[in-house]
Amino acid sequence: FRGKTDLEHCFASYGACVYILHAAAALREVSAQFEHVATQHSESLYQGGSVACVFLSDDAQRIAVAFQNVSMQNATASRSQSFGGGISVQCTPATPFTAAALQTNAAVWNQTCAVSFRSVSIRNARATYGGGIDLQHGTHELRDVALLHTSASNLGGGIRVTGTASVQLRACQLTNCSSDSGSSSALDIRSQGALT
């Protein structure tokens, strides 16, 4: 998506306005780019109240996802156990890591899957986990990201990061981001990667 794109009143089970699913035995190089995209009044049932990107592979060489100058208002992932009220990005090996292979494989996988957020605004979004943004695995850079009035019924009212993800936060504002569980209300980091 490049150039000005407005999406309104979207509904789906996954990724209400945009759902990208790529699952292949030989997922070599995949990229997704969102520039100057605006969504309003969107609802998914399970994942990505506005946008969901899911990449499943064991031997990917490069996965790149970029969000730039993106705004979302009134987005919801509504069912129990949903995640990513605004955006959900899931970079997951098709074969789950064993405990013994976790450290080595996770480091390689995180270098493979790179996700960047620049000048992203999410307002009034909700999910069970990750009310604004939910990230699973990969290496993530968030710069000039503003979340306002986002909430989660469980963890990560603003942003939730899980798996083996590494995250860089630069000039981000999380305002009135809440969690009904009362813990990690704005930012919930439960990954084994680095936070800088």
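pLDDT is the predictor's confidence in each residue, on a scale from 0 to 100, and helices (H or I, at least four residues) and strands (E, at least two) are DSSP runs numbered from the N terminus. This is a predicted model, in which local features need pLDDT of at least 70 and side-chain atom pairs count only at pLDDT 80 or more, while totals for chains, interfaces and linings use all residues. Residues are numbered from 1 along each chain as its sequence is written, and side-chain values use heavy atoms, with hydrogens and water left out.

**Exercise 1. Determine which elements of the protein chain have the lowest and the highest mean pLDDT.**

Then turn to the elements: the lowest mean, 68, belongs to helix α1 (residues 102-112), and the highest, 94, to strand β1 (residues 5-14).

**Exercise 2. Classify the ring pair of Phe 67 and Phe 117, and state which strands hold the two residues.**

Rings of Phe, Tyr and Trp (its six-membered ring) pair if their centres lie within 6.5 Å, and planes under 30 degrees apart count as stacked, over 60 as edge-to-face and the rest as tilted. The structure holds four aromatic pairs. In the pair asked about, the centres of Phe 67 and Phe 117 are 4.9 Å apart and the planes stand at 5°, so the pair is stacked. Because Phe 67 belongs to strand β5 (residues 62-77) and Phe 117 to strand β7 (residues 113-129), the pair ties together parts that are 50 residues apart in sequence. Both phenylalanines are buried (under 20% relative accessible area, where exposed is over 50% and partly exposed lies in between, with a 1.4 Å probe and protein chains only). Elsewhere, ring pairs link Tyr 14, Tyr 19 and Tyr 46 into a cluster.

**Exercise 3. Describe the surroundings of Arg 118.**

Arg 118 is placed in strand β7, and its relative accessibility of 35% makes it partly exposed. Leaving aside residues up to four places away in sequence, Arg 118 touches (heavy atoms within 4.5 Å) Phe 67, Gln 68, Asn 69, Glu 141, Arg 143 and Asp 144. Its C-alpha atom is separated by 8.0 Å from that of Ala 66, 52 residues apart along the chain.

**Exercise 4. Give the strand order of the open sheet of six strands, and identify its edge strands.**

Two strands pair if DSSP finds at least two bridges between them. The order is β2-β4-β6-β8-β10-β14, with parallel pairing. The edges are β2 (18-23) and β14 (187-191), each of which pairs on one side only.
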